[in-house]
Amino acid sequence: MKKLLLFLAGAMMLAACRETTKLPRAEATEAQKESFDKMFPYVWDDGTNELHAALVVQDGKVIYERTDPAHSIDQKHVMWSVSKTFTATAIGFAVQDGLLRVDDRMVDIIGDLCPPERPQWMDEITVHHLLTMSSGLSTTEPGGENGLKEDWARELLALPMHFRPGEYFEYNSMGSYILSVILTRVTGERVDNYLGHKLFKPLGITDWWWDASPQDFSAGGWGLFISAESLAKMGMFFLQKGVWNGKRLLGEDWFAEAMSPQIMQYRNKLTTPEEIASVADNDWQHGYGYQMWCCTHDCYRLDGAWGQFCVIIPEKNAVVVLLSHTTRLAYELKGVWEYILPVL
């Protein structure tokens, strides 16, 4: 009987622990629900484009959650490049811990991985350049006949650079991987393990997976698997500028930098007022922060291939999560502005 009571007590404690990892719930209005529901037929067509999960948080409470029949709200889902924002946040914690500065040079941290005869401009690359997709490093990725094979960092850093650091924005997932390597060098932990105690545990994110390289560094720019609700928590963490349950975890100054347009995607590519005005409604041209995007409507987003979105809407104190498999990313994001934002 004593063992049974202990077992039941333990089960109740475990259940209570699991309950605390869930965000509080509230009811959406009928008008909101009707409008939110339109996202599913809007994204879905013949099955080529799929919306797997949608979740809306406002004022700290989940007011809407829906999945397709093949998925659940608690199921881990591939994040693709949403992973990048998590890597950048790990960098933010390392900066707060005094282990790193954004103006530190890459070669001063992982210079042993660079070739003796370094490519032109490599010594100029800083953590800031890597965070803002302006490093100039090659964009060659693992896989394929001409891709990186074994030691991703060494092989990448031996390739010719595309431009001098800071000149342009060029989307580069391997730059995010280099950030992962740097983070591990200065902390002694993989990105996912470091975030495990810095971020995931405080936020109640208990179930995740992050792919690693052959050298056992978190992939950095991709490879994270978490649930829709866990991603919503990350969005709330940004919405609240590093505060969780009344406790500050990461300094507000970091978010002032991370969520501001550190570089414009059209920098040195579009120059005339007419050219710049032509991209005013383009959500991929409103500036890039620290591994995250600034959007139209004064919003911000974590953005992954095939339609993984976490949209942060400060004016409405809201976060929108969409997990999908679609080639029409701009079309899907347009649905947020048409069916979700107006009724919040």
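**Close-up views of a predicted model**

**View 1. Hairpin of strands S1 and S2 in the predicted model.** Two residues separate S1 from S2 in this hairpin, and Asp59 in the turn has a positive phi of about 55°. S1 covers residues 50–58 and S2 residues 61–67; the strands pair in the antiparallel sense over six bridges. Opposite Val57 stands Val62 in S2.

View 2. Asp68 is buried yet has no salt bridge. Arg66, the nearest side chain of opposite charge, is 8.8 Å away. The side chain of Asp68 does make a polar contact of 2.7 Å with the side chain of His71. Leaving aside neighbours within four places in sequence, Asp68 is in contact with Phe40, Trp44, Leu51 and His52.

**View 3. Open sheet of three strands in the order S3-S5-S4.** The pairing is antiparallel. S3 and strand S4 (209–210) stand at the edges with a single partner strand each, so one side of each is left without a neighbour in the sheet. S4 is joined to strand S5 (residues 224–226) by two bridges. Trp210 has Leu224 in S5 as its bridge partner.

**View 4. Helix H10 (residues 228–239).** The helix has 12 residues and reaches 16 Å from its first C-alpha to its last, close to the 16 Å expected at 1.5 Å a residue. H10 is mostly covered, with 12 of its 12 residues buried. Among them are the charged residues Glu229 and Lys233. Just after H10, Lys241 takes a positive phi of about 55°.

**View 5. Salt bridge between Lys22 and Glu229.** The N to O distance between the two side chains is 3.2 Å. Lys22 lies in the loop between helix H1 (2–20) and helix H2 (30–37), and Glu229 in helix H10, 207 residues apart. Glu229 is buried because its relative accessible area is 3%, under the 20% cut-off; Lys22, at 33%, counts as partly exposed. Both residues belong to a network of salt bridges that also links Arg25, Glu65 and Asp74.

**View 6. Two further salt bridges, Asp97 with Lys198 and Asp104 with Arg101.** The side chains of Asp97 and Lys198 meet at 2.9 Å, N to O. Asp97 lies in the loop between helix H4 (83–96) and helix H5 (107–110) and Lys198 in helix H9 (residues 191–203), so the pair ties together parts that are 101 residues apart in sequence. Asp97 is partly exposed at 34% relative accessibility, as is Lys198 at 22%. For Asp104 and Arg101 the N to O distance is 3.1 Å. Asp104 is buried at 17%, whereas Arg101 is exposed at 53%.

Methods
Residues are numbered from 1 along each chain as its sequence is written. This is a predicted model: local features need pLDDT of at least 70, side-chain atom pairs count only at pLDDT 80 or more; totals for chains, interfaces and linings use all residues. Side-chain values use heavy atoms; hydrogens and water are left out. Two strands pair if DSSP finds at least two bridges between them. Helices (H or I, at least four residues) and strands (E, at least two) are DSSP runs, numbered from the N terminus. Buried means under 20% relative accessible area, exposed over 50%, partly exposed in between (1.4 Å probe, protein chains only). A salt bridge is a side-chain nitrogen of Lys or Arg within 4 Å of a carboxyl oxygen of Asp or Glu. A polar contact is a pair of N or O atoms within 3.5 Å; within protein, one must be able to donate a hydrogen and the other to accept it, and residues adjacent in sequence count only if both atoms are side-chain atoms. Contact means heavy atoms within 4.5 Å. The expected span of a helix is 1.5 Å times one less than its number of residues.
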